[in-house]
Amino acid sequence: MDAEAKVKKLQAARQELHRRKGKLDIAVWAIENALLEVASEALGRGQDGCEGGDVWECEDEKNPIGMCVYDGYQDPCWDECLFCGEPYERK
Ligand SMILES: [Zn+2]
């Protein structure tokens, strides 16, 4: 395979992987949002009452989703998990 053909093949493969990654990112986002809704309802905050990342496993057994969640409105820096009180930034 000459260099030009090789580059074309690699670029096509890269483009396809980017396309698939975009779809996977959207799917992960949708699942995380659904989990946050469960946590928010457990806290009595309606559907959009908390935010979170998938970085920290929450130790609080009352947390139904097992990941730390935050009140992004009252606590924009995510200093205190609504269940266990731990911050998002940890060393
Ligand atoms: Zn927590």
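Helices (H or I, at least four residues) and strands (E, at least two) are DSSP runs, numbered from the N terminus. The model is predicted: local features need pLDDT of at least 70, side-chain atom pairs count only at pLDDT 80 or more, and totals for chains, interfaces and linings use all residues. Residues are numbered from 1 along each chain as its sequence is written.

**View 1. Overall fold of the protein chain.**
Buried residues make up 16% of the 91 residues of the protein chain. A residue is buried if 20 or more other C-beta atoms lie within 10 Å of its own, exposed if 12 or fewer, and partly exposed in between, with C-beta atoms placed from the backbone. Of the contacts in the protein chain with a separation of 6 or more, 23% join residues 24 or more positions apart. Two residues are in contact if their C-beta atoms, placed from the backbone, lie within 7 Å.

**View 2. Helix H1 from end to end.**
The end C-alpha atoms of H1 are 58 Å apart, which agrees with the 58 Å that its 40 residues should span at 1.5 Å a residue. The expected span of a helix is 1.5 Å times one less than its number of residues. H1 is hardly covered, with three buried residues among its 40. These are Leu-36, Ala-39 and Ser-40. The buried residues of H1 pack against strand S1 (51-57) and S2. Gly-44 follows H1 and has a positive phi, near 70°.

Ile-26 has its place in helix H1. Ile-26 counts as exposed because 10 C-beta neighbours lie inside 10 Å. From the C-alpha atom of Ile-26 to that of Trp-78, 52 residues apart along the chain, the separation is 23 Å. Helix H1 also contains Asn-33, which is partly exposed, with 13 C-beta neighbours inside 10 Å. The C-alpha atoms of Asn-33 and Gly-52 are separated by 9.0 Å, and the two residues are 19 residues apart along the chain. Ala-34 is another residue of helix H1. Ala-34 counts as exposed because 10 other C-beta atoms lie within 10 Å. Between Ala-34 and Tyr-88, which are 54 residues apart along the chain, the C-alpha separation is 20 Å.

**View 3. The largest nonpolar core.**
A nonpolar core is a set of buried Ala, Val, Leu, Ile, Met, Phe, Trp, Tyr and Cys residues joined through C-beta atoms within 7 Å. The largest one has eleven residues: Leu-36, Ala-39, Cys-50, Cys-58, Ile-65, Cys-68, Val-69, Tyr-70, Cys-81, Leu-82 and Phe-83. Two or more residues of this core come from each of helix H1 (3-42) and strand S2 (67-70). S2 gives the largest share, three residues. In soluble globular proteins, nonpolar side chains tend to be buried together. Leaving aside neighbours within four places in sequence, the core residue Leu-36 is in contact with Cys-50, Glu-51, Gly-52 and Val-69.

Trp-78 is found in the segment after S2. Although Trp-78 is not a glycine, its phi is positive, about 55°. Trp-78 counts as partly exposed because 19 C-beta neighbours lie inside 10 Å. Cys-84 also lies in the segment after S2, and its 16 other C-beta atoms within 10 Å make it partly exposed. Not counting residues up to four places away in sequence, Cys-84 touches Cys-58, Glu-59, Asp-60 and Cys-68. Cys-84 and Trp-56 are 11 Å apart in space, C-alpha to C-alpha, and 28 residues apart in sequence.
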